[in-house]
Amino acid sequence: MTTTTVSTSTPVPARRSWPGLVAGLVLLAVLTILVAELDLATAEFFKAQGVARNPFEYPLTAVIIGLIANGLLRLAGLYTFVRPAIRTELYLKIGLVILGARISLGDLLATGAGGLIQAFIMVASVFFFTWWLAGRFNLAPTLKAVMASAVSICGVSAAIAAAGSVMAKKEEVTYITALVILTALPLMVLMPPLANALGLSPVVAGAWFGGNIDTTAAVVGAGTLHSPEAQQVAAVVKLSQNVLIGFVAFALALYFALRVERDPNQRPSPMMIWQRFPKFVIGFVLVSLLASAGAFTPELVKEMNRAYEWAFALAFVCIGIDFAPGALRQMGWRPILVYMGATVFNTVLALLVASVIFGTLGLGGA
Amino acid sequence: MSQPASPARRFSLSEDWLATIIGLLIVAIIGLGLIGPGPQTVTLKAAPGESVDKTAKPHDGWKASATIGGEKAVVEGAPKQLVDAQLYPFVCDGGQMIAEAGDSSLSLPSGGAYLTLTNNCDAEASLTYTTDYAIRWPLFGIFKR
């Protein structure tokens with residue numbers, strides 16, 4: 001049987017084609033401008049109806065526009081052509097670096113400390129629960145590793161990092177990517193109103209989104225739909241979780257070398273921890289440090305808010321375009337059941353942990 | 001015997017570093033004020049008979065608005081470009097907000113454009129000078145009613 005393995009640390013862009021890249025970027029720009037225009041129009045419409053807050057905030061509009069574009073591109077046979085420009089993670093990471101300007105060092109340390117404690121609990125619990133559940137459903141060890149990493153850490157990036165460590169099949173990563181987006185989209189839309197219904201403070205709500213939703217883009221989207229404070233906490237909590245990718249990838253590589261493959265010569269180097277480390281977090285912290293040192297006036301920070309809104313809008317449009325339902329049909333129902341079970345476990349546990357750490361213990365300014 | 005040509009090494013940057021560099025570049029461009037000072041608001045409020053002053057950043061694209069006794073009022077002749085160390089006097093008179101010609105021969109210290117408001121009206125007068133974001137959301141406002 002032929003297996004295609006994945007060994008990259010970051011999401012693999014589609015094969016580069018300059019005309020496709022340029023056409024894709026133009027298309028993305030047009031779609032994102034459309035999102036911004038629709039966002040204002042819907043806000044004004046609801047304001048005229050006496051609804052102060054626009055329930056269709058731009059992350060939702062962007063994902064819907066992206067999904068429509070996804071369908072149309074596939075119908076027209078142009079999906080693969082424009083694929084090189086669809087770089088959800090890249091646009092999101094650019095936005096997160098800029099977002100650093102809005103988060104002071106004090107907030108970063110307080111939220112980051114709470115986020116790291118939450119991340120250790122969540123990653124360990126959700127990883128091993130998913131691993132156990134996948135074992136009960138007899139999933140392949142490589143698929144178990146990729147799925148457990150995706151659910152417990154940060155979706156697509158973690159899936160790819162884990163796939164590199166355990167030499168998973170390419171189709172396993174494609175499949176998990178589709179599942180990640182399939183679950184992240186409803187969670188992004190449903191969790192903010194659920195947080196309001198549960199009476200969660202913006203800090204606890206943000207920590208819940210950051211601890212539960214798999215993709216960083218959808219975490220930021222849910223935070224944006226809830227409130228600016230929730231967006232900030234959600235992003236920092238998710239980044240705290242993201243920095244654990246390297247450690248999990250290293251541990252997985254070690255486990256597979258020694259226990260699954262039983263080849264001590266394949267022992268991974270600790271350098272893998274740095275290789276898998278999400279380097280954009282360094283940029284995010286650096287910008288936060290500059291902002292805390294008073295490098296930017298409040299007006300310039302407002303201007304930067306606009307810049308990251310555009311970057312996030314681009315990423316949200318890409319989430320919709322990225323969604324590939326076809327991949328789900330190939331693997332059958334067992335992995336879907338495991339993934340859904342793990343997501344439910346993740347959602348409930350994240351609510352409990354976020355409520356204790358950010359609510360009861362008051363870390364992160366709750 | 002000829003050696004097979006080795007493939008040319010291509011420099012490639014990981015997505016993380018690429019995002020970091022682009023993000024920091026955007027922060028530097030905005031943070032250094034290269035695309036403008038960000039959205040500014042300067043408000044002068046004067047009670048009847050009072051005179052107040054404030055400084056504003058020297059910049060083009062300012063928009064002026066005013067209220068007299070809480071009612072919106074038209075500001076006549078308000079300059080859109082404010083120059084450093086220049087005086088921009090405004091007077092509320094006869095229920096109207098009027099921009100007067102500044103005395104360019106005055107030698108004022110650098111540190112912003114000087115706005116003054118003299119209220120000769122019977123009600124409180126307020127003058128607000130604002131600049132918009134350089135990065136607009138939405139871009140064109142095509143669906144704006």
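A crossing of two helices is left-handed if the near helix is turned anticlockwise from the far one by less than a right angle, and right-handed if clockwise. The views below show a predicted model, in which local features need pLDDT of at least 70 and side-chain atom pairs count only at pLDDT 80 or more, while totals for chains, interfaces and linings use all residues. Residues are numbered from 1 along each chain as its sequence is written, chains are lettered from A and ligands numbered from 1 in the order in which they are written, and side-chain values use heavy atoms, with hydrogens and water left out.

**View 1. Helices H5 and H16 of chain A pass each other in a right-handed crossing.** Helix H5 of chain A spans residues 105-136 and helix H16 of chain A spans residues 334-360; helices (H or I, at least four residues) and strands (E, at least two) are DSSP runs, numbered from the N terminus. The two axes come within 10 Å and cross at roughly 155 degrees, where axes are lines fitted to C-alpha atoms, for helices over the stretch in contact, and angles run from 0 to 180 degrees between N-to-C directions. H5(A) is therefore roughly antiparallel to H16(A), a label for angles over 145 degrees, with under 35 counted as roughly parallel, 65 to 115 as roughly perpendicular and the rest as oblique. Where H5(A) meets H16(A), the contact residues comprise 16 nonpolar and eight polar ones, and no charged residue is present.

**View 2. Helices H4 and H14 of chain A meet in a left-handed crossing.** Helix H4 (residues 88-99) and helix H14 (residues 298-322) of chain A have axes that come within 8 Å, and the angle at which they cross is roughly 160 degrees. H4(A) and H14(A) are therefore roughly antiparallel to each other.

**View 3. A mixed sheet of chain B has the strand order S2-S8-S6-S7-S5.** This open sheet is built from five strands, and two strands pair if DSSP finds at least two bridges between them. Strand S2 (51-56) and strand S5 of chain B each have a single partner strand, so these two stand at the edges, with one side of each left without a neighbour in the sheet. S5(B) pairs with strand S7 (residues 96-99) of chain B in the parallel sense, over two bridges, and B:Val75 stands opposite B:Met97 of S7(B).

**View 4. An antiparallel sheet of chain B has the strand order S1-S9-S3-S4.** Here four strands form an open sheet, and the twist from one strand to the next averages 25 degrees. The edges are taken by strand S1 (41-46) and strand S4 (71-73) of chain B, each with a single partner strand, so one side of each lacks a neighbour in the sheet. S1(B) runs antiparallel to S9(B) and is joined to it by six bridges; B:Lys45 has B:Ser126 in S9(B) as its bridge partner.

**View 5. Aromatic rings pair in chain A and join a cluster with B:Trp137.** Over all chains, the whole structure holds 17 aromatic pairs; rings of Phe, Tyr and Trp (its six-membered ring) pair if their centres lie within 6.5 Å, and planes under 30 degrees apart count as stacked, over 60 as edge-to-face and the rest as tilted. A:Phe45 and A:Phe46 make an edge-to-face pair, at 5.3 Å centre to centre and with 75 degrees between the planes. A:Phe45 is partly exposed, at 41% relative accessible area, whereas A:Phe46 is buried, at 16%; buried means under 20% relative accessible area, exposed over 50% and partly exposed in between (1.4 Å probe, protein chains only). The cluster linked by ring pairs consists of A:Tyr58, A:Tyr308, A:Trp310, A:Phe312, A:Phe316 and B:Trp137.

**View 6. A cis peptide bond leads from B:Trp137 to B:Pro138.** The omega of this bond is near 0 degrees, and B:Pro138 is found in the segment after strand S9 (125-130) of chain B. B:Phe140 also has its place in the segment after S9 of chain B and counts as exposed, at 59% relative accessibility. From B:Phe140 to B:Pro39 the separation is 101 residues in sequence and 17 Å in space, C-alpha to C-alpha.

**View 7. A:Met167 and B:Ala85 have positive phi values.** Most residues other than glycine have a negative phi. A:Met167, with phi of about 55 degrees, is found in the loop between helix H6 (141-166) and helix H7 (170-197) of chain A, and is partly exposed at 45% relative accessibility. B:Ala85, with phi near 65 degrees, is placed in the loop between strand S5 (75-76) and strand S6 (87-93) of chain B, and is buried with a relative accessible area of 17%.

Note on methods. Nonpolar A, V, L, I, M, F, W, Y, C, P; charged D, E, K, R; others polar.
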